[in-house]
Amino acid sequence: MTRPLIISDCDEVLLYMVSPFKYWLAETQGVEFRMTGNDFSQALRWQDSGEVLAPDDIWKMLGRFFDTEMHRQDPIPGAIEGINTLAEEADVVILTNLVDKRQQMRTEQLAGHGLNARVFTNQGPKGPALQNILQEYAPSKAIFIDDLAQHHRSARETISEITTLHLCGEPMLAPHIDCAHTSGHADARIDTWAEALPWLRRQLEKEEA
């Protein structure tokens with residue numbers, strides 16, 4: 001009999017990303033990060049001029065951060081313990097929007113924090129990647145956790161039967177981003193693992209009932 005499957009994002013769900021990214025930008029790149037709305041592309045400004053970074057420069061900064069600074073990323077409180085608890089009852093995989101060359105880096109990064117899980121990399125909407133994972137695992141139930149509303153929308157548009165939890169553990173982002181639960185694409189919005197873990201375990205219990 002197949003087990004349930006939990007597919008979790010990494011950045012802002014399991015590990016902080018924007019916080020260390022912000023401090024690294026200020027310390028070494030001459031860039032200020034300030035999130036005032038829900039548009040990430042407007043959050044990065046050159047310290048000297050105050051001008052918003054061009055999209056190509058933003059991608060370069062993100063690439064440089066993930067290539068050299070992933071050691072700065074610490075776990076969100078309760079995330080690693082929560083995922084490892086869930087792994088006692090379900091299979092757990094990570095679906096992260098990093099380019100494929102960083103798959104091994106992310107796997108080793110998470111292992112260093114005590115989470116040993118298979119990592120899938122992806123670019124763009126996550127619905128098709130989720131569908132491929134579900135075809136491979138054929139789980140009895142699937143639960144998807146992500147911090148961005150567009151990935152929940154993609155999941156719901158691609159897959160008919162999937163439970164979705166919108167979780168953003170970064171307080172710098174959580175108040176500003178679109179809510180997938182409000183838009184009808186997530187079954188719940190919970191931004192702390194202290195509250196998310198009981199909710200997720202209840203979803204797994206529904207499967208057993």
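The legends below describe close-up views of a predicted model.

Residues are numbered from 1 along each chain as its sequence is written. In this predicted model, local features need pLDDT of at least 70, side-chain atom pairs count only at pLDDT 80 or more, totals for chains, interfaces and linings use all residues, and side-chain values use heavy atoms, with hydrogens and water left out.

View 1. Helices (H or I, at least four residues) and strands (E, at least two) are DSSP runs, numbered from the N terminus. In β4, 5 of the 6 residues are buried, so this strand is largely enclosed by the rest of the structure. Buried means under 20% relative accessible area, exposed over 50%, and partly exposed in between (1.4 Å probe, protein chains only). Two strands pair if DSSP finds at least two bridges between them. Strand β1 (residues 5-8) runs parallel to β4 and is joined to it by 4 bridges; Ile6 has Val92 in β4 as its bridge partner. Another 4 bridges join β4 to the parallel strand β5 (residues 118-121), where Thr121 is the bridge partner of Thr96. Between β4 and β5 the chain passes through helix α4 (residues 103-112), in a right-handed β-α-β crossover. Right-handed means that, with the strands pointing away from the viewer, the path from the first strand over the helix to the second runs clockwise.

**View 2. Strand β7, covered on both faces.** In a regular strand the side chains alternate between the two faces of the sheet. Thr163 and Leu165 are buried on one side of β7 (residues 163-166), and Thr164 and His166 are buried on the other. Strand β6 (residues 142-146) is parallel to β7, with 4 bridges between them, and Phe144 stands opposite Thr164. The chain goes from β6 to β7 by way of helix α6 (residues 149-158), and this β-α-β crossover is right-handed. Strand β8 (residues 188-189) also runs parallel to β7, joined by 2 bridges; Ala188 in β8 is the bridge partner of Leu165.

**View 3. Nonpolar cores.** A nonpolar core is a set of buried Ala, Val, Leu, Ile, Met, Phe, Trp, Tyr and Cys residues joined through side-chain atoms within 4.5 Å. The largest has 29 residues, and Leu14, Ile94, Leu165, Trp193 and Leu200 have the most contacts inside it. Two or more residues come from each of α3, β4 (91-96), β6 and α7 (193-208), with the largest share, 6 residues, from α7. Another core, of 23 residues, lies apart from this one and includes Leu53, Met61, Cys168 and Ala174.

**View 4. Glu69 in a loop.** Glu69 lies between α2 (55-68) and α3 (79-86). Its relative accessible area is 12%, so Glu69 is buried. Leaving aside residues up to four places away in sequence, Glu69 touches Trp24 and Arg64, contact meaning heavy atoms within 4.5 Å.
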